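Hi,

Here is the structure I promised to pass on. Have a look at it first, and then read on for what turned up.

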Amino acid sequence: MKDYEHPFFRPLWRRIAVVAVCVIWSIIEFASGTPFWGVIALGFAGYAVWQFFYLYRPVEESGPMPAESKVGEPKVDAEPKE
């Protein structure tokens, strides 16, 4: 699982909030006369936009996962081997 695929970021409002906080932080830094930290915060905002809106693909919630794709569970054959 990639960081931007974490279940915490599934709701759109949380992804928007992360970007908004970074942009607001950047504005505060520029307004207070610390452009270095303003650029850093803008970089965080840009990275968040890239991860949460460009690369993000919503997970389809169509039901339980098939047994073969569950992590940590052994595959069970339908027919016993001789």
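One cut-off before anything else: a residue counts as exposed if its relative accessible area is over 50%, as buried if that area is under 20%, and as partly exposed in between. Please also keep in mind that this is a predicted model.

Let's start with the overall picture. The chain has two helices and zero strands. Of its 82 residues, 17% are buried. If you take the contacts with a separation of 6 or more, residues 24 or more positions apart account for 49% of them.

Now the two helices. H1 covers residues 12-31 and H2 covers residues 35-54. How do they sit against each other? Their axes are 7 Å apart and the packing angle is about 165°. Angles over 145 degrees count as roughly antiparallel, so that is the label for H1 and H2. Their crossing is left-handed.

Who makes the contact? On the H1 side the residues include Leu-12, Arg-15, Ile-16, Val-19, Ser-26 and Phe-30. On the H2 side you'll find, among them, Trp-37, Gly-38, Ala-41, Leu-42, Ala-48, Phe-52 and Phe-53. Sorted by class, this contact has 19 nonpolar residues, two polar ones and two charged ones.

Two residues from that contact are worth a click:

- Ser-26 belongs to helix H1. With a relative accessibility of 2%, Ser-26 counts as buried. Setting aside neighbours within four places in sequence, Ser-26 touches Gly-38, Ala-41 and Leu-42.
- Phe-53 belongs to helix H2. Its relative accessible area is 37%, so Phe-53 is partly exposed. Again setting aside neighbours within four places in sequence, Phe-53 is in contact with Leu-12, Arg-15, Ile-16, Val-19 and Ala-48. From Phe-53 to Leu-12 there are 41 residues in sequence, and the C-alpha to C-alpha distance is 9.4 Å.

Next, the aromatic rings. A pair of rings is described by how far apart the centres are and by the angle of the planes. How many aromatic pairs does the structure hold? There are five. One of them joins Phe-9 and Phe-52: the ring centres are 4.5 Å apart and the planes are at 35°, so this pair is tilted. It links distant parts of the chain, since Phe-9 is in the segment before H1 while Phe-52 is in helix H2, 43 residues apart. Are these two buried or exposed? Phe-9 is buried at a relative accessible area of 16%, and Phe-52 is buried too, at 8%.

Another pair is formed by Phe-36 and Trp-37, and this one is edge-to-face, with 5.1 Å from centre to centre and 80° between the planes. Phe-36 has a relative accessibility of 55%, so it counts as exposed. Trp-37 has 45%, so it counts as partly exposed.

Finally, which rings form a cluster? Ring pairs link Phe-8, Phe-9 and Phe-52 into one.

Cheers

Notes
Residues are numbered from 1 along each chain as its sequence is written. This is a predicted model: local features need pLDDT of at least 70, side-chain atom pairs count only at pLDDT 80 or more; totals for chains, interfaces and linings use all residues. Side-chain values use heavy atoms; hydrogens and water are left out. Axes are lines fitted to C-alpha atoms, for helices over the stretch in contact, and angles run from 0 to 180 degrees between N-to-C directions. Helices (H or I, at least four residues) and strands (E, at least two) are DSSP runs, numbered from the N terminus. Angles under 35 degrees count as roughly parallel, over 145 as roughly antiparallel, 65 to 115 as roughly perpendicular and the rest as oblique. A crossing is left-handed if the near helix is turned anticlockwise from the far one by less than a right angle, and right-handed if clockwise. Contact means heavy atoms within 4.5 Å. Ala, Val, Leu, Ile, Met, Phe, Trp, Tyr, Cys and Pro count as nonpolar, Asp, Glu, Lys and Arg as charged, and the others, Gly among them, as polar. Rings of Phe, Tyr and Trp (its six-membered ring) pair if their centres lie within 6.5 Å; planes under 30 degrees apart count as stacked, over 60 as edge-to-face and the rest as tilted. Buried means under 20% relative accessible area, exposed over 50%, partly exposed in between (1.4 Å probe, protein chains only).
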